[in-house]
Structures are given as structure tokens and as C-alpha cells.
Amino acid sequence: MNRFSINLCTRVILLAMTIVAGAWLFFGYSRILAYLCIPLVAGQMYGIYHYLNRINRKLTLFLESIRYQDFSIRFSSDNKLGKSFQQLNQQFNEVLEAFRQTRAEKEANLKYIDAIIQHISIGVISFDAAGRIELINPAAFRLLNIYRLRNLSELKTSHPGLDELLLQLPSGNKSLYATKQQQQLSIHATALRLQGRLIKLISIQNIHAELQKKELDAWQNLTKILRHEIMNSVTPIVSLIGTMQEIVAVDIAPGASNAEGIADLQEALDTVESRSKGIMNFVNAYRDYTALPQPQFTVVNIRSLVTAVANLFQADLKQAGIHFSLEINIQQTEIHADTSQLQMVLINLVKNAMDALEHTPNPAISMRVYQPGTGVLHIEVTDNGPGIDEEAMEKIFIPFFTTKKKGSGIGLSLSQQIIQLHGGQLRAGSPSANGNGSTFFIILNI
């Protein structure tokens with residue numbers, strides 16, 4: 001501060017001396033020279049004004065740096081003017097450094113939150129009242145099977161009705177939406193105001209696997225109950241029939257006069273016994289459905305596995321006159337799976353395809369293995385048979401439902417259960433628009 005005062009006094013003294021010199025020249029020596037002192041006085045006065053406004057300029061620069069978030073400015077040019085100026089500059093620099101650190105922490109937190117949103121498996125979409133997209137993460141693109149979305153109205157073609165559902169879904173409510181790919185999407189909405197604008201935040205989660213598991217558990221529990229009740233009823237009947245057959249053979253037949261009636265009774269008992277044992281065997285056959293062992297995961301070469309399944313059917317396919325093609329287009333050949341269980345699923349799908357081609361001219365089956373994206377493996381089994389009608393398509397994975405005369409209705413249910421235990425999905429569809437043929441899709445995460 002002392003240096004500032006000295007400089008200020010020096011400037012004032014020089015100004016006063018210049019004014020005195022100008023007055024002396026004006027009144028006693030030469031007016032022309034006196035007039036030349038006027039610019040010098042004006043310059044010195046401006047210098048004093050500029051020197052005194054140093055603090056104001058510094059405050060203005062400080063406030064502008066905060067307003068425009070330019071925290072790279074440092075104040076140190078006038079430290080030589082005294083200790084008070086050094087302290088003021090130090091305080092300015094510390095305030096700007098605090099702002100800089102706060103902004104850096106804010107940016108780091110935003111990047112952290114953005115990284116979480118971009119990597120979570122739950123889809124996240126935010127949009128304004130007009131449906132303009134503010135934020136959408138890769139999981140949402142994957143669940144909706146799209147690659148770009150700028151406005152909700154663009155969903156009308158690929159997902160009819162979804163745009164209206166998202167716009168009208170009240171905050172805090174949930175809803176279900178079924179996609180064309182047979183996915184069940186759980187949608188949750190939250191509304192918030194951001195700088196005066198109403199923004200709706202949507203979370204999307206595919207709960208298809210969870211619903212299938214609940215349905216599977218329900219069928220398994222029902223099967224256990226039915227098996228228990230049927231076995232409890234049939235077992236004593238079979239035992240009594242055995243006793244009755246023994247009575248007929250030992251106690252009645254030797255002294256009976258009506259041999260023909262005895263023979264008819266014996267035949268009836270044999271028939272009842274046969275059918276009762278048939279029911280018991282039928283019920284026991286479904287024990288595997290409710291007691292499927294957990295998969296034993298090992299490293300499996302998927303190329304070798306599907307090739308082995310294809311070779312297994314070569315003779316049967318040739319005998320039936322069915323053309324078979326195998327296409328493998330994958331980069332990652334090794335996956336973690338239960339070899340025997342996965343083979344069981346593929347064998348069942350190929351057998352079903354062969355059964356569907358029984359009355360089809362130029363029958364053909366194709367198996368295709370490919371990777372539509374990173375971390376996902378698809379296996380498709382397609383036939384050119386009559387296809388599956390829409391009503392049956394909704395029931396084919398229900399236990400005991402079958403469209404075949406000799407089918408048990410357990411194969412596809414077991415196959416779906418196996419794929420679910422592998423963390424994947426088993427779906428069915430038609431490869432053509434007219435509904436001919438059928439395709440079964442195995443989707444596995446690798």
C-alpha cells in the first residue's frame with residue numbers, strides 16, 4: 001500500500017508542477033508554450049484516473065471470469081504495489097481456484113453418472129413435452145432394436161403405440177409393452193422440472209425372462225401337484241386290480257361254471273391294469289420336467305457342437321429326402337454351456353422340424369449360427385413346412401401342449417427351460433410373411 005501511495009503522490013505532484021509551469025508560461029513567458037502544456041496535463045490526469053480505477057477494473061475482470069466460467073485468470077501484476085494488493089490478489093486467486101475445483105468435481109460427477117447410464121443394462125430415455133429426446137443410452141437402443149431416435153414419433157413404425165404410452169404414462173407409474181420380437185418391456189416413468197422445462201425420464205427393462213421363469217415355476221408346481229394326486233389315486237387301483245386278478249384266477253376260476261364270463265372279467269381287469277400302468281408311466285415321464293438338473297457349465301466349442309448334431313441326423317435326413325444346410329458365421333467359437341443339455345435342445349428342434357416336413361414337397365431344414373452383436377450368439381433352426389398357426393404359436397411352450405398326434409408336449413417346454421437356465425431365450429416365429437415354415441431362435445449371451 002505504501003508503494004501505491006508514493007506513486008499516487010508522485011503523480012499528483014507532477015500534475016501540480018505541470019499546471020504551475022503552464023500558468024507561469026501563460027502569464028509571464030509565452031502563451032504558445034503554455035498551450036502545449038494542456039495535452040500534458042490531460043495525459044497526466046488520465047493516468048491518475050486510470051491508476052485509481054485499477055481496483056475497479058480488477059473487480060470487473062474477476063466478476064466476468066466467474067460469469068463466463070473462465071477460471072484460468074490469475075491476478076499478480078500489481079503485487080509490487082504493496083502488501084494489501086498482494087493479499088487482494090491472493091484472495092481473488094483462491095476464490096477462482098475454488099470455483100475451478102468445484103467445476104472440475106461437477107464435470108467428474110457428470111462423467112461418472114454418464115458412464116453409469118451408458119453401461120447399465122436398463123434402458124434410459126429422457127424427453128421434453130414435445131417428445132424431443134434429451135438422453136438415450138445404448139441399452140435403450142438395444143431393447144427397442146433401433147439405432148437412432150430423435151423424437152418419440154419415430155417409434156410409430158417399429159413400435160406402434162409406444163410413443164403415446166411414453167408420453168401419457170403418469171409420473172411414478174409402471175406399464176408393460178410387448179414388442180414385435182416377443183419381448184415384455186417394463187416401463188417406469190418419472191417427471192421432473194429442469195430449468196423450468198418439464199422433462200420425463202423413462203426406464204425400460206426387459207422382463208421377458210422373469211415372466212417366463214414365473215410361468216415355468218407355476219407349471220412345475222401344477223405338474224407336481226397333478227402327479228402327486230394322480231399317483232395317489234392310481235397306485236391303490238393298480239394294487240386292487242392285482243388282488244382281484246388273483247381272486248379270479250385262484251378262488252373263482254377253478255369252480256366256476258361260466259367260463260366265458262370269467263374270461264371276460266379277466267380281460268376287463270387286464271385292460272384296467274394296462275391302462276392304469278400306462279397312466280402311471282405317463283405321469284412318471286413328466287418327472288424330468290420338474291426335476292431338470294442345473295446345467296454343468298464348461299467351455300464348449302459351438303462350431304463342433306452344432307456340427308456334431310448335424311452329423312447325427314445325416315442318415316435320417318437322407319432317408320426322409322430332406323435337404324439340410326448348416327451355416328456358421330461366428331468370430332467367437334467358445335462359449336460356457338452344458339454340452340449335453342444344449343445338444344438335447346438342438347436335437348429336439350431338428351426332430352420337430354423333421355416331423356413338420358412329413359407331407360411337404362421339397363422339404364428342407366437349415367441351421368444357422370451367427371453373432372448379431374458383441375456378446376450375443378444366435379442359433380436358428382428353420383424348416384419350410386406348413387408353419388405354426390397364430391393360436392398354436394402362443395401355446396407351443398406351454399407344458400403338455402402339442403400339435404402332433406404322438407407328441408407329449410414336453411420337448412419344447414424342456415428346451416425353453418434349459419435355455420433359460422443358460423441365461424438365454426428360446427423363441428419361435430415364421431421366416432416368411434405368408435406364415436409358411438417355422439423358425440426357432442436360440443439366443444445366448446456369451
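## Basis of the description

Two strands are taken to pair if DSSP finds at least two bridges between them. Strands (E, at least two residues) and helices (H or I, at least four residues) are DSSP runs, numbered from the N terminus. The model is predicted, and local features need pLDDT of at least 70, side-chain atom pairs count only at pLDDT 80 or more, and totals for chains, interfaces and linings use all residues. Residues are numbered from 1 along each chain as its sequence is written, and side-chain values use heavy atoms, with hydrogens and water left out.

## The antiparallel sheet

An open sheet of five strands has the order β2-β1-β5-β4-β3, with antiparallel pairing. At its edges stand β2 (133-136) and β3 (174-178), each of which pairs on one side only. On average, neighbouring strands of this sheet are turned by 25° against each other, direction ignored; axes are lines fitted to C-alpha atoms, for helices over the stretch in contact, and angles run from 0 to 180 degrees between N-to-C directions.

Strands β4 and β5 pair in the antiparallel sense over 10 bridges, with A191 opposite K200 in β5. Two residues lie between the strands of this hairpin, in which Q195 takes a positive phi near 55°.

## The mixed sheet

A further open sheet contains five strands in the order β7-β9-β10-β12-β11, and its pairing is mixed. Because β7 (323-329) and β11 (425-429) are edge strands with a single partner strand each, one side of each is left without a neighbour in the sheet. Neighbouring strands here are turned by 15° against each other on average, direction ignored.

The pairing of β7 with β9 (364-373) is parallel and spans seven bridges. Within it, E327 has R368 in β9 as its bridge partner.

## Helices on the mixed sheet

Helix α11 (302-312) lies across β7, β9 and β10 (376-383), and runs at about 180° to β7. Helix α15 (411-421) packs on the sheet and touches β11 and β12 (438-445), contact meaning heavy atoms within 4.5 Å. The direction of α15 makes about 135° with that of β11.
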